[in-house]
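I opened a new notebook page for this chain.

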Amino acid sequence: MALAWPLALGAGPLCAAADASSAAAASAEAHAELWPQRESKLALDPEVERKIDDLIAAMSVEQKVGQIIQADIASVTPDDVYRYHLGSVLNGGNSAPGDRYNAPAKDWLAAADAFYTASMKPNAKLPRIPVIWGSDAVHGHNNIVGATLFPHNIGLGAARNPDLVRRIGEATAIEMRVTGLDWTFAPTLAVVRDDRWGRTYEGFGESPEIAASYAAPLIEGLQGKVGDKDWLRGPHIIATAKHFLGDGGTYGGKDQGDAQMPEAALRDLFSPPYLPALDAGVQSVMVSFSSWNGVKMHGNRSLLTDVVKDRWNFDGFLVGDWNGHGQVAGCTTTDCAASAVAGLDMYMAPDSWKDLYRTTLAHAKQGALPMARLDDAVRRILRVKLRAGVFEAGKPSQRPYGGRFELLGSAEHRALAREAVRESLVLLKNAGSLLPLNPGANILVAGDGADNLTKQTGGWTLSWQGTGTKRSDFPNAQSIWEGIAAEAKAAGGMATLSADGKFATKPDVAIVVFGEDPYAEFQGDRPDIGYDDARSLDLLRKLKAAGIPTVSVFLSGRAMWVNPFLNASDAFVATWLPGSEGGGVSDMLFGKADFRGKLPYSWPKASDQTAVNIGDPGYDPLFPYGFGLTLADKGELAPLPEARASVAVADPGVLFAAGKPGAGRRLLIGPPGSLSTNPGPDLIEARAADRIAQEDSVRLRWTGAGQAVAAIVRDAPEDLSRQSNGELALEIELKVDTPPTAEVSLLMGCGAQCAGGFPLGPMLTAAAKTGQWTRIAVPLSCFAKAGVDMTRVDTPLSLATAGRLEIVMSLARIVSPSGPVVQCK
């Protein structure tokens with residue numbers, strides 16, 4: 001239920017996004033004649049084109065509009081696919097059959113059958129067009145329990161082995177076919193220029209050379225080779241080159257941010273991997289969330305149409321990213337003809353699809369979306385479906401490999417993943433030639449990452465952020481500790497797991513596994529690249545002080561400033577995010593193979609050295625691009641300075657914590673229209689309170705004498721549109737000491753006459769009965785639906801009531817929700 005703010009903040013409709021300035025628009029206009037000319041290596045098949053002509057002639061406009069819209073399985077049913085003629089479904093990072101992140105593989109196959117069957121159900125005289133299912137299989141079939149999990153792309157970039165990624169593509173495609181899926185949103189061909197970016201680990205490196213060398217073999221592994229009988233069929237699937245264009249070059253490393261650069265830099269740095277991808281026959285290209293010089297890619301005709309389709313002769317289809325069309329100037333997630341006009345062929349409209357269908361149909365009938373452009377988009381989608389043979393393939397469970405669940409995490413695929421791990425590790429330090437270790441020794445294995453598959457596999461693993469998983473979710477996997485223990489046992493040695501590093505008998509050597517916790521997309525964005533982990537650093541220093549030779553195994557999705565950790569370690573291995581095969585790490589520690597991995601990203605020497613790339617003026621990293629020791633190399637490293645060059649900026653998502661408002665925010669209370677830090681207590685008062693530590697919370701008490709508000713405000717509005725689009729939520733932890741005697745409104749404000757929110761009274765009344773601390777999480781998208789302009793939020797949280805109420809609030813933040821969320825319509 002949406003509420004309009006009835007008092008001083010005002011009520012009103014969403015404010016339309018302002019048009020881009022003419023200057024920005026001009027600087028974001030690509031000149032296609034300056035881009036490489038590409039001739040198509042894939043001739044159109046006259047028979048396929050005739051079939052497309054016949055289909056389009058028989059389709060209704062409603063059916064055409066349905067084909068260009070993709071819905072998320074969390075928000076669409078098979079019956080919806082039938083009724084709205086939807087051309088595609090996807091599972092987002094947090095979507096799974098039955099809303100179970102660890103749904104068994106058989107449930108995925110059953111869901112694939114259900115959606116396919118619905119799309120093929122007779123509907124009067126309309127032609128039957130099978131639906132296709134897309135999924136982010138970005139390091140193996142990573143949504144599926146038991147699937148093989150390969151190293152993330154950053155590790156594969158370190159391997160410098162095109163044949164390896166070809167074989168990984170083949171294995172991934174087969175495992176996807178087992179569960180009935182048709183299409184992967186991979187590979188990511190981003191060239192990453194700022195390691196603060198939360199998607200750094202999705203890129204193969206900072207230079208276009210690695211991605212350009214990998215694009216064709218990886219796509220051919222996924223799709224098969226053009227001209228072969230099993231191209232896009234049998235053991236192969238449809239692949240996607242993403243995210244076009246410049247996603248790894250945004251200002252400040254901000255995800256969904258702005259690539260501020262001349263056209264030549266955009267072309268020369270970021271487009272090279274796409275040409276071999278197109279030559280290899282990739283059938284879809286995903287458009288980036290990001291902007292180029294202030295103009296969103298989802299609305300940039302000069303790039304989508306003039307360059308990709310016309311200059312490069314791409315005859316597949318352009319698919320959007322998660323509601324990315326809604327960020328185009330003048331658009332919303334539910335109304336955006338401009339993206340299709342610019343060249344987008346398929347909207348990714350996960351939860352907005354139904355209203356987007358309605359408005360797009362209206363635009364098609366009224367001419368705002370020209371029928372010729374609609375027909376072209378439909379033609380491109382049908383062309384890919386016909387090429388992939390889905391019209392005659394039958395139900396997913398009846399296709400080759402469908403239901404062969406023994407192939408998920410098969411011995412052959414796991415051996416390939418273990419090989420990939422071995423080739424991906426980069427040795428940065430090896431003082432005194434400590435490595436390779438003797439597996440027959442007394443080995444202490446410590447650190448919070450040693451026996452932690454959640455941390456080892458990283459983001460995009462069973463859930464979007466890769467969090468919330470448990471050991472039983474990885475039945476076909478081996479942790480790093482398990483790999484080490486197996487090696488030691490086979491050699492007659494002794495390995496002991498002690499996460500905190502405590503021991504009864506002094507070990508011969510210690511292996512400490514630590515690093516970044518999982519994250520994905522903009523939730524992984526950082527203010528700098530300094531790694532802070534006091535517990536692990538203290539552990540390393542204690543082991544060093546005890547005279548125990550120590551190997552650091554560092555798990556990370558980027559190159560990071562780790563000088564104190566390097567100083568405290570005798571050997572240091574950049575392990576990246578290796579996936580399911582921890583045995584590949586133990587292989588390298590015990591010398592079963594020599595280190596061959598080379599840095600795909602320059603390693604920083606200071607915590608503020610966030611954009612250090614080969615070829616830059618003044619290039620001065622700690623370890624250069626391409627660096628990597630072998631066991632034969634001298635592995636000494638002089639002591640490094642340990643002072644941070646900068647202090648990490650406070651988390652911008654924190655609204656209230658540790659007893660005070662987050663950075664740049666204030667807590668104001670009082671009657672509507674007259675809020676202050678310390679008004680009289682007649683209507684409302686705020687006092688410090690304790691939860692875990694002294695005065696780490698605030699007690700808010702409404703007297704019931706009249707309408708009163710408690711609000712977290714900013715002096716300058718902030719743009720929360722990307723957070724809203726990315727499924728973040730407003731999360732509050734509170735305890736209700738006095739239940740409400742009147743309705744309570746949870747609101748978000750966006751300036752004068754702009755606000756929206758929800759009634760909170762029933763939840764607070766229920767919480768009062770338990771007397772326990774309560775977590776309330778409301779998706780930011782709900783506030784957008786309630787009328788909040790998410791591009792200019794100045795009041796991210798306010799609570800208002802005219803009745804009596806007393807609560808203690810300990811935390812308020814904008815974050816990926818850690819549990820259930822309030823459902824909004």
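How far apart are the sulfur atoms of C331 and C336? I looked, and they lie 2.2 Å apart, forming a disulfide. I note that the model is predicted.

**Entry 1: disulfides.** I found 3 disulfides in the structure. The C331 and C336 link is right-handed, with 65 degrees about the S-S bond. I checked burial next. C331 has a relative accessible area of 10% and is buried. C336 is buried too, at 1% relative accessibility.

I then turned to C750 and C754, which a disulfide joins with an S to S distance of 1.9 Å. Its torsion about the S-S bond is about -90 degrees, so I logged this disulfide as left-handed. C750 is buried at 1% relative accessibility, and C754 is buried at 0%.

C782 and C824 are joined as well, S to S 2.0 Å. I read -85 degrees about the S-S bond, a left-handed link. This pair connects distant parts of the chain, 42 residues apart. C782 sits in helix α23, while C824 is in the segment after β29. Both C782 and C824 are buried. In sequence order, I wrote the pairing of bonded cysteines as 1-2, 3-4, 5-6.

**Entry 2: helix pair.** I looked up how α7 (residues 162–178) packs with α8 (residues 208–223). The angle is about 30 degrees, and the axes are 7 Å apart. The two helices α7 and α8 are therefore roughly parallel. Their crossing is right-handed. On the α7 side I listed contact residues including P162, V165 and R166; on the α8 side, S213, Y214 and P217 are among them. By class, the contact has 7 nonpolar, 4 polar and 3 charged residues.

Definitions and conventions:
Residues are numbered from 1 along each chain as its sequence is written. This is a predicted model: local features need pLDDT of at least 70, side-chain atom pairs count only at pLDDT 80 or more; totals for chains, interfaces and linings use all residues. Side-chain values use heavy atoms; hydrogens and water are left out. Axes are lines fitted to C-alpha atoms, for helices over the stretch in contact, and angles run from 0 to 180 degrees between N-to-C directions. Helices (H or I, at least four residues) and strands (E, at least two) are DSSP runs, numbered from the N terminus. Angles under 35 degrees count as roughly parallel, over 145 as roughly antiparallel, 65 to 115 as roughly perpendicular and the rest as oblique. A crossing is left-handed if the near helix is turned anticlockwise from the far one by less than a right angle, and right-handed if clockwise. Contact means heavy atoms within 4.5 Å. Ala, Val, Leu, Ile, Met, Phe, Trp, Tyr, Cys and Pro count as nonpolar, Asp, Glu, Lys and Arg as charged, and the others, Gly among them, as polar. A disulfide is a pair of cysteine sulfur atoms within 2.5 Å. Buried means under 20% relative accessible area, exposed over 50%, partly exposed in between (1.4 Å probe, protein chains only).
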